[in-house]
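Visitor: I have a structure to look through. Can you take my questions one by one?

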Amino acid sequence: MAEKFDAIVVGAGPAGNAAAYTMAKAGLSVLQLERGETPGTKNVQGAILYADALERIIPDFRDDAPLERHVIEQRMWVLDEKSFIGTNYRSDAFNSDQPNRYTILRAPFDKWFSGKVKAAGGLVICETTVTELIQEGKKVIGIHTDREGGDIYADVVILADGVNSLLAKKAGFHGELEAKNVALAVKEIHFLPEEVVQSRFNIKGNEGVVIEIAGAVTHGMVGTAFLYTNKESITLGIGCLLSDFKKAGIAPYTLLEELKAHPAIAPLIAGGEMKEYAAHLIPEGGYKAVPTLYGDGWMIAGDSAGLVNAVHREGSNLAMTSGRLAAETVIALKEMKLPCTAPHLARYKAALDDSFVMKDLRKYKELPEILHSNPHFFSVYPQLLNRAAHTMLMVDGQDKHSKEKTIRGSFVQQRSLWGLVGDAYRMWRATR
Ligand SMILES: Cc1cc2nc3c(=O)[nH]c(=O)nc-3n(C[C@H](O)[C@H](O)[C@H](O)COP(=O)(O)OP(=O)(O)OC[C@H]3O[C@@H](n4cnc5c(N)ncnc54)[C@H](O)[C@@H]3O)c2cc1C
């Protein structure tokens with residue numbers, strides 16, 4: 001095959017599908033390559049789908065997308081060994097005609113999204129790994145794959161090949177992923193009858209609950225856990241920085257086992273049948289780890305560009321938005337009959353900078369470094385908070401003033417007064 005396309009998209013995750021669909025719908029000739037047997041088979045996510053990002057690509061996606069539950073309640077739990085302290089936000093306003101967040105299962109979702117690419121006229125080829133970019137000098141002009149047949153050429157190649165973007169690395173567009181900039185997450189799906197899921201979480205119909213979890217369960221490593229309700233299952237997972245796993249010598253699966261056994265979690269998954277286990281990396285280096293996003297004949301989107309907001313556990317929406325913006329850049333250049341050279345593809349970076357993607361990453365740009373150098377945020381504070389709650393809630397004849405004094409004393413003893421002030425300042429700086 002010695003064909004030339006307007007664009008080649010590598011990968012059929014949210015970023016690749018968003019890019020391929022947007023360009024195919026605009027009438028461009030698009031080839032999309034995916035190494036999995038079908039789109040979604042290689043992909044791992046919690047997974048919460050943020051409707052807004054998809055709505056900007058497929059406004060009527062709710063008509064036929066495989067959605068599990070729409071989220072009406074978010075819980076945030078900070079665990080110690082036996083207890084948790086937390087907050088809930090639940091609102092009937094989330095029961096609108098156009099819910100804002102859904103739980104999904106990536107395998108059927110990615111397959112559905114890919115179906116839309118095909119329906120829009122994109123050529124999608126699965127079970128095909130792109131092995132190398134073809135370059136003429138610095139300009140990317142096509143790709144090699146592991147299939148027999150010739151090279152394939154295009155005016156532009158959009159790399160949406162996920163966190164470990166080997167292609168970009170091979171081409172020298174970015175370096176090795178650093179262990180401190182990437183989390184390793186593991187998750188399981190536990191199947192339960194629909195009515196059990198509903199009664200355990202006090203929900204009806206397709207309403208859903210998500211629980212974001214921090215604290216003792218990560219053994220002081222930088223990381224979080226999560227529990228999401230699907231129609232007839234519960235997804236449970238945990239992830240920590242790879243550098244911390246290495247240092248601590250703990251296997252991710254051990255953490256997941258401990259999470260499942262925690263007294264706050266065990267009753268929620270009791271009796272479930274575990275049918276799926278998966279592990280995946282998440283780029284969590286934030287703003288400072290984002291590589292060069294474009295060059296002559298290429299752009300990079302989604303996880304392969306490190307576009308994940310770990311604080312808010314948002315990744316698929318950044319992936320879809322960056323895929324869409326990359327595609328819109330190509331469409332605009334085609335309309336203006338301009339070539340896909342670096343100076344023109346700079347529009348992609350400008351559009352990303354102007355979107356929530358870069359604005360949010362910039363907001364938290366100091367956070368990865370601050371969390372990394374202050375591990376007590378993940379060990380000392382969860383314990384102190386849980387102990388404080390326990391002290392206040394135990395009715396044991398001790399007066400409340402004395403209890404408050406005990407609590408204040410335990411905070412100062414653990415962190416010192418200046419330590420507490422410093423921590424407050426660091427958190428302010430990290431999240432302002
Ligand atoms: C445990 C976990 C929980 C998460 N939870 C959430 C969540 O709740 N909400 C959220 O928004 N985000 C979440 N994320 C992040 C989210 O999954 C990612 O940000 C998102 O999947 C990125 O999409 P992508 O298209 O960039 O990459 P991917 O989804 O990784 O897709 C890349 C695709 O490229 C293919 N590919 C790779 N190399 C090649 C090649 N050489 N040739 C051909 N094909 C190739 C892969 O097979 C894959 O299909 C979570 C991630 C993990 C690991």
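What follows is a short exchange about the ligand, its surroundings and a few single residues.

Visitor: What kind of model is this?
Guide: Keep the origin in mind for each value below. This is a model, and its kind is predicted.

Visitor: How many residues surround the ligand, and which are the closest?
Guide: The shell around the ligand holds 36 residues. The closest are Glu-34, Ile-48, Arg-106, Asp-303 and Ser-316.

Visitor: How far is a polar side-chain atom of Ser-316 from an oxygen atom of the ligand?
Guide: A polar side-chain atom of Glu-34 sits 2.6 Å from an oxygen atom of the ligand. For Arg-106, a side-chain N or O atom is 2.7 Å from a ligand oxygen. For the polar side-chain atom of Ser-316, the distance is 2.6 Å.

Visitor: What share of the ligand's exposed area does the protein bury?
Guide: Start with the ligand taken alone: it exposes 1000 Å². The share of that buried by the protein is 96%.

Visitor: How do the shell residues divide into nonpolar, polar and charged?
Guide: Count by residue class. The shell around the ligand has 16 nonpolar residues. The others are 12 polar and 8 charged.

Visitor: Where does the ligand lie relative to domain 1 and domain 2?
Guide: Domain 1 covers 5-66 + 105-176 + 289-354, and domain 2 covers 182-283. Both give residues to the shell around the ligand, so the ligand lies between them.

Visitor: Is Cys-240 buried or exposed?
Guide: Buried means under 20% relative accessible area. Cys-240 has 1% relative accessibility, so Cys-240 counts as buried.

Visitor: How many disulfides does the structure hold?
Guide: A disulfide needs two cysteine sulfur atoms within 2.5 Å. The number of disulfides in the structure is 0.

Visitor: Is Glu-127 buried or exposed?
Guide: Glu-127 is in the loop between strand E7 (123-125) and strand E8 (130-136). Its phi is positive, about 50 degrees, although Glu-127 is not a glycine. The cut-off for exposed is over 50%. At 52% relative accessibility, Glu-127 therefore counts as exposed.

Visitor: What is the phi of Ser-416?
Guide: Ser-416 lies in the loop between helix H14 (400-415) and helix H15 (417-431). At 35% relative accessibility, Ser-416 counts as partly exposed. Ser-416 is not a glycine, yet its phi is positive, at about 70 degrees.

Definitions and conventions:
Residues numbered from 1 in each chain as written. Predicted model: local features only at pLDDT ≥ 70, side-chain atom pairs only at ≥ 80, totals over all residues. Heavy atoms only, no water. Buried < 20%, exposed > 50% of the residue type's maximum accessible area, 1.4 Å probe, protein only. Near = heavy atom within 4 Å. Polar contact = N/O pair within 3.5 Å; in protein donor to acceptor, adjacent residues only side chain to side chain. Areas by Shrake-Rupley, 256 points an atom, 1.4 Å probe, with all protein chains shown as cover. Nonpolar A, V, L, I, M, F, W, Y, C, P; charged D, E, K, R; others polar. Domains from an automatic or database assignment. Helix = DSSP H or I, 4+ residues; strand = E, 2+ residues; numbered from the N terminus.
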